Amino acid sequence: MRALHVTPAVTVARTALVVPVVPVAPAVRAPPVVPVAPAPRGAVAVVPVVLVVIVFGLHAAQYLRTSAARAVAGAGRSVGVAWATMRKIILMMSVSLDGFFEGPDRQIDWHVVDDELHQHFNDELRTMGGFLSGRVTYELMAEFWPTADADPANAGPMAEFAGIWREMPKYVYSRSLDRADWNTTIVRDVVPEEVAALAAAPGGDFALGGADLAAAFLRQDLVDEYRIYVHPVRIGRGKPLFPPVDGAPVPLRLEGTRTFGNGVVLLRYGRP
């Protein structure tokens with residue numbers, strides 16, 4: 001395990017959704033976005049897309065952030081440099097039609113995931129440079145995915161994702177976790193300068209997963225793109241992906257949509 005500690009002298013080491021977008025194993029307390037392992041007693045497989053997240057993408061031209069702290073300090077860049085050369089932080093999450101990513105008791109059994117959608121997650125996530133997730137998401141993933149492909153019952157996209165997860169660099173944000181394996185770096189806090197340093201390093205984009213971690217990134221204007229998977233269901237109540245916040249509206253640019261055969265719709269947004 002390599003640790004990235006929040007100290008005045010930033011140390012960046014080379015880390016799941018978020019997870020973020022990343023597929024997660026079944027659990028009572030599910031995280032946000034990515035394919036999940038089948039739940040016990042024949043429950044339907046679900047995907048807390050998070051992740052995730054979540055790394056797709058088109059490296060379209062982007063411009064300097066309005067947040068100077070995000071842009072330059074830790075990354076060793078100076079104001080005025082375009083962000084087209086930076087790795088992107090992509091929020092990848094599944095939500096209900098009415099905007100919730102999990103039910104009031106953290107249920108995600110309403111997520112609709114079939115082979116088509118799971119294969120799509122695999123194809124997108126394998127191109128990423130790392131998974132950014134919180135402790136809960138990471139621990140759920142680490143319980144299942146390292147050996148998931150050893151079970152003959154987990155064939156096809158599930159077995160394929162096990163290899164993707166094992167090899168992918170992972171960054172888990174936690175103040176309590178002391179140890180993390182499987183190519184994972186522990187990060188104590190969301191520090192804009194440290195995030196900028198990661199974004200400035202060579203490699204693919206990052207999948208951000210988990211609503212709580214996503215909220216911390218959003219508060220500091222650190223999310224570059226959104227991959228929101230809207231599932232064809234209303235659950236009425238639960239935890240919203242985007243909780244109420246003060247401040248001015250944040251304009252976004254629609255970059256694409258995709259409708260899957262199971263009724264899930266992907267909405268892709270980026271900065272203007």
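I began with Asp212 in this predicted model, and I noted that Asp212 counts as exposed, because its relative accessibility is 53% and the cut-off for exposed is over 50%. I then looked up its partner and found that Asp212 forms a salt bridge with Lys239, with the closest N and O atoms 2.6 Å apart. The two residues link distant parts of the chain, since Asp212 belongs to helix H6 and Lys239 to strand S9, 27 residues apart. Lys239, at 28% relative accessibility, counts as partly exposed.

Next I turned to Asp149, which forms a salt bridge with Arg166 at 2.9 Å between the closest N and O atoms. Asp149 sits in the loop between H3 and H4 while Arg166 sits in helix H4, so this pair ties together parts that are 17 residues apart in sequence. I wrote down 33% relative accessibility for Asp149, which counts as partly exposed, and 22% for Arg166, which also counts as partly exposed.

For a pair within one helix I checked Glu139 and Arg135, whose side chains meet in a salt bridge of 2.9 Å, N to O; both lie in helix H3, four residues apart, about one turn of the helix. I also recorded a network of salt bridges that links Lys88, Glu225 and Arg227, and a count of 15 salt bridges.

Last, I looked at the interior, and noted that 51% of the 272 residues count as buried. The largest nonpolar core has 27 residues, and those with the most contacts inside it include Leu117, Trp145 and Tyr229. Helix H4 gives the largest share of this core, five residues. I found a second, separate core of 25 residues, with Ile89 and Leu198 among them.

Key:
Residues are numbered from 1 along each chain as its sequence is written. This is a predicted model: local features need pLDDT of at least 70, side-chain atom pairs count only at pLDDT 80 or more; totals for chains, interfaces and linings use all residues. Side-chain values use heavy atoms; hydrogens and water are left out. Buried means under 20% relative accessible area, exposed over 50%, partly exposed in between (1.4 Å probe, protein chains only). A nonpolar core is a set of buried Ala, Val, Leu, Ile, Met, Phe, Trp, Tyr and Cys residues joined through side-chain atoms within 4.5 Å. A salt bridge is a side-chain nitrogen of Lys or Arg within 4 Å of a carboxyl oxygen of Asp or Glu.
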